[in-house]
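Let's walk through a fold together, strand by strand and helix by helix. Have the viewer open and follow along.

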Amino acid sequence: EPFGSAQGKPVGWVALAPRPSYPVLGRSRVLQPVDEKPVWSITCFFVAKGYRGRGVATELLKAAVRYAKRRGARLVEGYPFEPRRGRLPDPFVWTGLPSMFLEARFHEVARRSPTRPIMRRVLPGHKGTKTQRI
């Protein structure tokens, strides 16, 4: 049975596309491009209420990376939310948490806000990007 489903019914999804598909990112003061390199962006996740806290979002993230790689991506970015303290209600972490991106081998490349790192994974065949503090 495919991951992200239970008894054949979807329990989660992830939004992924080449960054130009999300023009709002280019207009964002916090999430604007780090550089001119072509990246695929992971912008949000949804996991059904009964399946949250079980690692579904992390597995969806890993599957999104595999999908992007099969389509020729060399860089994949995510824009998680890092709470300042404590646990946030699930609806506030729809962009993911830094811990799940770290588990999926992403690293922080920029942070223009205390709570919104830009995390990137370099896929085989591409040179990396150094972290920028802006």
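Below are a few questions and answers on strands, a helix and a pocket.

This is a predicted model, where local features need pLDDT of at least 70, side-chain atom pairs count only at pLDDT 80 or more, and totals for chains, interfaces and linings use all residues. Residues are numbered from 1 along each chain as its sequence is written, and side-chain values use heavy atoms, with hydrogens and water left out.

Q: Why is strand S6 largely enclosed by the rest of the structure?
A: Strands here are DSSP runs of E with at least two residues, and helices are runs of H or I with at least four, both numbered from the N terminus. Buried means under 20% relative accessible area, with exposed over 50% and partly exposed in between (1.4 Å probe, protein chains only). S6 covers residues 107-111, and it is largely enclosed because the number of its five residues that are buried is four.

Q: Which residue in S7 stands opposite histidine 107?
A: Two strands pair if DSSP finds at least two bridges between them. S6 and S7 (residues 117-122) do this in the antiparallel sense over four bridges, and they form a hairpin with five residues between them. Across from histidine 107 in that pairing sits arginine 120.

Q: Which residues of helix H2 are buried?
A: What covers its buried residues includes S3, S4, S5, helix H3 and S7. An α-helix has 3.6 residues a turn, so residues three or four places apart point the same way. The buried ones in H2 are Val56, Ala57, Thr58, Leu60, Leu61, Ala64, Val65 and Ala68.

Q: Which helix gives the most to the lining of the second largest pocket?
A: A pocket is an open set of points on a 1 Å grid over the protein atoms alone, where a 1.4 Å probe fits, with protein on both sides within 12 Å along at least five of seven lines; lining residues have an atom within 4 Å of a point. This one is lined by 15 residues, with Arg19, Pro33, Asp35, Lys37 and Val39 nearest its centre. The top helix, giving three residues, is H1.

Terms used
Contact = heavy atoms within 4.5 Å.
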